[in-house]
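Student: Could you take me through how to read a few local features in a model, beginning with the general idea each time and then turning to the case at hand?

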Amino acid sequence: MSVDRKDIAEFFDKNGYISPLDVLSTKEAKQLRENFNRCEEETGQEDATYSLHNVHMTKPWVLRLATHNSLLAPLQKILGPNLILLDSRFICKYPTPSNKDAFVAWHQDVRYWGVEGDVVSVWLAVDDADVENACMHVIPGSHKQGVLNHVSADKGGNLLTSNQSIPLELFDVKKSVPCPLKAGQMSLHHGHIVHGSETNHSTRRRCGYVIRYIATTTRPIADPDRPRTFPATVLVSGKNEEGYFQDHAPEWFTWRQ
């Protein structure tokens with residue numbers, strides 16, 4: 001799929017996702033993989049699978065990545081100039097059997113985020129991601145259905161921390177579209193879009209950096225099912241005049257737009 005950058009907001013509003021978008025140069029993509037490989041060596045594969053959470057607060061190279069001009073530009077077209085990084089996480093799927101049949105069940109991000117307003121998630125590819133090594137799939141237009149009911153997944157291996165899963169009868173799985181990416185490319189998806197990914201049955205790792213962004217007009221809400229705090233929010237573009245979320249930018253963060 002090819003989307004002209006001037007049409008990004010219109011396409012995203014209609015479909016709820018965009019994929020792929022070029023972000024990093026070949027040199028930058030190689031550096032990203034080398035940086036992540038060092039993290040993987042430090043933490044081990046088990047923690048690298050899903051536990052590298054909000055490391056943009058402690059690792060300057062990660063926050064530089066999350067504020068890359070080519071990454072923020074399409075987000076500004078969709079959400080406006082005043083952007084807050086809400087949360088981030090590296091997600092790795094290793095080849096089975098080390099992967100233990102890990103998958104990501106069909107879900108909507110916003111169901112458990114405790115915010116009122118649009119959330120746009122970036123999936124930035126550290127490795128090439130394709131159907132063979134279990135790239136993300138989306139249900140185009142499903143963000144228009146509102147928040148769907150989530151239940152506990154009925155099989156083991158779900159990487160989602162709350163084991164959430166949307167029953168298949170609530171959406172048309174036949175409309176599923178894969179979002180393959182080359183290393184250094186990204187996809188964008190709306191917080192309400194139904195998406196997920198299968199088990200990695202290839203011989204290749206599939207690693208991506210997932211980053212959630214909101215406009216400063218977005219508000220936190222009380223969620224009794226899953227109370228949330230937001231200790232890693234960072235203003236990455238424009239001004240935070242509303243002040244609904246605190247700017248926790250590290251002292252060394254100096255490349256804000």
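This is a predicted model: local features need pLDDT of at least 70, side-chain atom pairs count only at pLDDT 80 or more; totals for chains, interfaces and linings use all residues.

Student: Which residues of helix α5 are buried?

Tutor: The general idea is that an α-helix has 3.6 residues a turn, so residues three or four places apart point the same way. In α5, which spans residues 69-79, the buried residues are L71, L72, P74, L75 and L79. These residues lie on the same side of α5 because the arc they cover around the axis is only 165°. Just after this helix, G80 adopts a positive phi of about 100°.

Student: At what angle do α1 and α5 pack?

Tutor: Helix α1, residues 8-15, packs with α5 at an angle of about 65°, and the two axes are 8 Å apart. Since angles from 65 to 115 degrees count as roughly perpendicular, that is therefore how α1 and α5 are described. Their crossing is right-handed, and the contact is made by I8, A9 and F12 from α1 together with P74, K77 and I78 from α5.

Student: Where is N133 placed, and is it buried or exposed?

Tutor: N133 sits in the loop between β5 (119-125) and β6 (137-138), yet N133 is buried, with a relative accessible area of 0%. Leaving aside neighbours within four places in sequence, N133 is in contact with D128, N200, S202, R204, R205 and R206.

Student: What does the side chain of N133 reach at 3.5 Å?

Tutor: That side chain reaches the backbone oxygen of R205 at this distance.

Technical notes
Residues are numbered from 1 along each chain as its sequence is written. Side-chain values use heavy atoms; hydrogens and water are left out. Buried means under 20% relative accessible area, exposed over 50%, partly exposed in between (1.4 Å probe, protein chains only). Helices (H or I, at least four residues) and strands (E, at least two) are DSSP runs, numbered from the N terminus. The arc is that of the directions from the helix axis to the C-beta atoms. Contact means heavy atoms within 4.5 Å. A polar contact is a pair of N or O atoms within 3.5 Å; within protein, one must be able to donate a hydrogen and the other to accept it, and residues adjacent in sequence count only if both atoms are side-chain atoms. Axes are lines fitted to C-alpha atoms, for helices over the stretch in contact, and angles run from 0 to 180 degrees between N-to-C directions. Angles under 35 degrees count as roughly parallel, over 145 as roughly antiparallel, 65 to 115 as roughly perpendicular and the rest as oblique. A crossing is left-handed if the near helix is turned anticlockwise from the far one by less than a right angle, and right-handed if clockwise.
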